[in-house]
Structure formats: C-alpha cells, structure tokens
Amino acid sequence: MVDYPFLLEELKRILKEKQLKFTAQRELVLKALYEHEGHHSPEEIHRLIQESYPDAKVGIATVYRTLSLLEEEGLADSISFGTEGKRYEIGLKKHHDHLICIRCGKIIEFFDDTIEKRQEEVAKRFDFEMTDHTMKIIGICKECRDNEAK
C-alpha cells in the first residue's frame, strides 16, 4: 500500500493545481480513508472522523466534496451500491476486484490472473483498448448462508 506522506503530498499538489485551499478538514477525510481499511460510506467516514477527532469541525458536505475530489484525482476509489450510494477506499492500491454480499454488505477483495487475462483477450477480440476495469460479483457470503441455514 502507498504510504501516507506520499498521499498527503499528492493531495496538497492537486489542491494547489486546482487553486483550492489545503485544509485540516480535507486532510482528515484522506487520513480516515487511509487509517481505516475497507470500504466506507461518506457517513461512516464522517463518523470515524468525529470519533477520532472530536474537536475537529468537519461537516458531512465537506466529506462528500472531498471524497469526490479524491476519487476524481485517483487518491480514492469507490464502488457504487445504486440507491445506497458509494463506498470508498484509498486509491493507488494494486488492482483488485470485489465480491459483495447483498445480505451483510461485506466486501471481499480478490485478484485472479485468469480473469485478468480473459478480459484482455475479450478487449483484443473486439479491437478495444482497455484502460481500466472494475469487477464486482454480487451474491451471499458464506457466513450469511450459514446463518440462514440455522
């Protein structure tokens, strides 16, 4: 995983380039994503900031705007959950795909060479230049299936 000082410098560079101010609130959003592995909704990130930094004044709108900026610039990635919104994770990680449980919301990251090669073959067959891809497999995790069986 990329280190935090690098991410922070990237954030500062991006903000300067866009002529936006670097603020403690924006940094706390980045820090919350970095320090809490997994995939979090904006509301969860807001709660994590409030729990870790109770004196910080970070509004939910700031969290949403900052996440949008981080995603736009590649410092955060998201998975869309339709009407439930997006869940975010730190960006610049090694490529991976996701298994998503529709019962408990658990997200499992995985990487599979066969899937990656197959996607490249499909793109080549259609003379398509693939620049990126996302894969999410939706289903029910083992724990939820086991709990239903009880």
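Predicted model: local features only at pLDDT ≥ 70, side-chain atom pairs only at ≥ 80, totals over all residues.
**Entry 1: α1 and α2.** I began with helix α1, residues 4–17, and helix α2, residues 24–35. Their axes lie 11 Å apart and the helices pack at an angle of about 145°. I noted a right-handed crossing for α1 and α2. On the α1 side, the contact is formed by Y4, L7, L8, L11 and L15, and on the α2 side by R26, E27, L30, K31 and Y34. Sorted by class, the contact of α1 with α2 holds seven nonpolar and three charged residues, with no polar ones.

**Entry 2: α3 and α4.** I then turned to helix α3, residues 42–52, and helix α4, residues 60–72. I found an angle of about 120° between them, with their axes 9 Å apart. The two helices are therefore oblique to each other. The crossing of α3 past α4 is right-handed. From α3, the residues P42, E43, I45, H46 and I49 meet I60, V63, Y64 and L67 of α4. The residues of this contact comprise seven nonpolar, one polar and one charged.

Entry 3: For C101, the nearest cysteine sulfur belongs to C104 and is 3.7 Å away, so C101 is in no disulfide. I recorded C101 as buried, because its relative accessibility is 5%. C104 is likewise in no disulfide, and its nearest cysteine sulfur, that of C144, is 3.7 Å away. With a relative accessible area of 45%, C104 is partly exposed.

Conventions. Residues numbered from 1 in each chain as written. Heavy atoms only, no water. Axes fitted to C-alpha atoms, helices over the stretch in contact; angles between N-to-C directions. Helix = DSSP H or I, 4+ residues; strand = E, 2+ residues; numbered from the N terminus. Parallel < 35°, antiparallel > 145°, perpendicular 65-115°, else oblique. Left-handed = near helix turned anticlockwise from the far one by under 90°. Contact = heavy atoms within 4.5 Å. Nonpolar A, V, L, I, M, F, W, Y, C, P; charged D, E, K, R; others polar. Disulfide = S-S within 2.5 Å. Buried < 20%, exposed > 50% of the residue type's maximum accessible area, 1.4 Å probe, protein only.
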